Each structure stands twice: as structure tokens, then as C-alpha cells.
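The sequence and structure are shown first.

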Amino acid sequence: MKLVIQGKNLEVTTAIHEYVHQKITKAVSHFEQLTTEVDVHLSVARNPRINPKQTAEVTIYANGTVIRAQESSENLYASIDLVADKIARQLRKYKEKRQDKSQNLPKTGEVVIDHPVVEDLIGDRSPELPPEVIRTKYFAMPLITVDEALEQLQFIDHDFYMFRNAETEEINVIYKRSNHRGYGVIQPRHGDAESNGKSAQANTETLSSSKAAQV
């Protein structure tokens, strides 16, 4: 398992590095076969007098799935403890879902098409970022269904998830609805604006209604 530790507005000392290694290794100890890489990002607010938060963020790459957790407190070591516990729960949830799916494997003779994941997204290009961009991330985007995107959203500790829709092969965004229960999907608009707008709205409301009971 590859473990990468980075710091922002702080020096990752030997003591901090060893503490992170100990806590994260213990958190993923029962899931090492699923885990390929773990990225840990530690940060401290620029002005601790105004904002005392010290944040620990963990991103795990597990067989094509991204699992993420983030916690903040007034103490960096406390934040590391909290995020280690949280990522362990996320991994347990992910493993349980994998086991549930394995019990519903296709019958003998059925063909399952496995879409390869492209690891290198930018090739030899060097991304040029404007000064105001703090961090940038690149992820492979294999074709997945809306239901699969919803599962991914529940693992990354974010309010939204961008994915390539297996039905349309286009980039979509699934997000948590703030004022209502359920989820919504943002889709590109093509052709007649009015008709496509109604179609997208209908798809969004259908997803929100059908998934609300699962949340």
C-alpha cells in the first residue's frame, strides 16, 4: 500500500509522519487487499487566531473506487484520530457493498463487459493553473450508471460527484439536494432548450424520489 502525506501551512515533522502512518495503517489494516494508494493531506488555517481549525483529509484508491474522509478540529492530532476512524467506517461500508454485489453475480453464460480504466489522463502535458487555484485533482472516469455514481458519492464525503454516464457517455454531476431529501443529476443540454430542460428536470425528480427512502 502506497501512503503519501502532504502538508499545507505546516511542516510534516517526523513525529507527525509517524503518527499518521500508525493511525492510517491501523484504519486500513483489514482492507489492505482493497487499497492501492492512500493520500493524506494535512492543513492549518492561515490565521489560527481567527480560524483555529486544523484539518486532516484522507483519500483512498480502492479498485477503481475513490473513498474520501475529512475532519477538522483545534488540534491536528485529534483531527487525524477522527479522520482515521471515519475512513475505517467508509472502508467497512464499501466492503459490505462489494460483498452484497458478489452475492448477485450474473449466471453462467452471461457476458459482463469490463470497461478499462485509463490511468494516465494528461499524458506528457503539464497542467497550467491560474494563481487562485489551490489544488487540482485528476481522476479516471470509466462509464458508470447513475446508481453506481450515487454509491460513489456516498463514499467521498462530498456534496457532489462528477461521472461519465454509461447511457449517454456524457459528463454528469450527481449532488445532494440541500432543501429536499434525495439527490439530483445535472446533465448537458442538447437541441431544443425547453424540451431538454423538462427532460433533465424529470430525470432529476425521479432520481430524488426513488432514492430518498434509501437515505
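## Strand pairing

In β8, Ile 174 has Val 185 as its bridge partner. Likewise, Lys 176 is bridged to Tyr 183 of β8. Strand β7 (residues 171–176) and strand β8 (residues 183–186) run antiparallel and are joined by four bridges. Strands are DSSP runs of E with at least two residues, helices are runs of H or I with at least four, and both are numbered from the N terminus. Two strands pair if DSSP finds at least two bridges between them.

The model is predicted: local features need pLDDT of at least 70, side-chain atom pairs count only at pLDDT 80 or more, and totals for chains, interfaces and linings use all residues. Residues are numbered from 1 along each chain as its sequence is written, and side-chain values use heavy atoms, with hydrogens and water left out.

## Hairpin and sheet

Strand β6 (residues 160–165) pairs with β7 in the antiparallel sense over five bridges; Phe 160 has Tyr 175 as its partner in β7. Five residues separate β6 and β7 in this hairpin, and Glu 169 in the turn has a positive phi of about 60 degrees.

The four strands form an open sheet in the order β5-β6-β7-β8, with mixed pairing. β5 (143–144) and β8 are at the edges with a single partner strand each, so one side of each has no neighbour in the sheet.

## Aromatic pair

There is one aromatic pair (ring centres of Phe, Tyr or Trp, the latter by its six-membered ring, within 6.5 Å; planes under 30 degrees apart are stacked, over 60 edge-to-face, the rest tilted). The ring centres of Tyr 19 and Tyr 77 are 4.8 Å apart and the planes stand at 80 degrees, so the pair is edge-to-face. Because Tyr 19 lies in helix α1 (residues 14–27) and Tyr 77 in helix α2 (residues 76–102), the pair ties together parts 58 residues apart in sequence.
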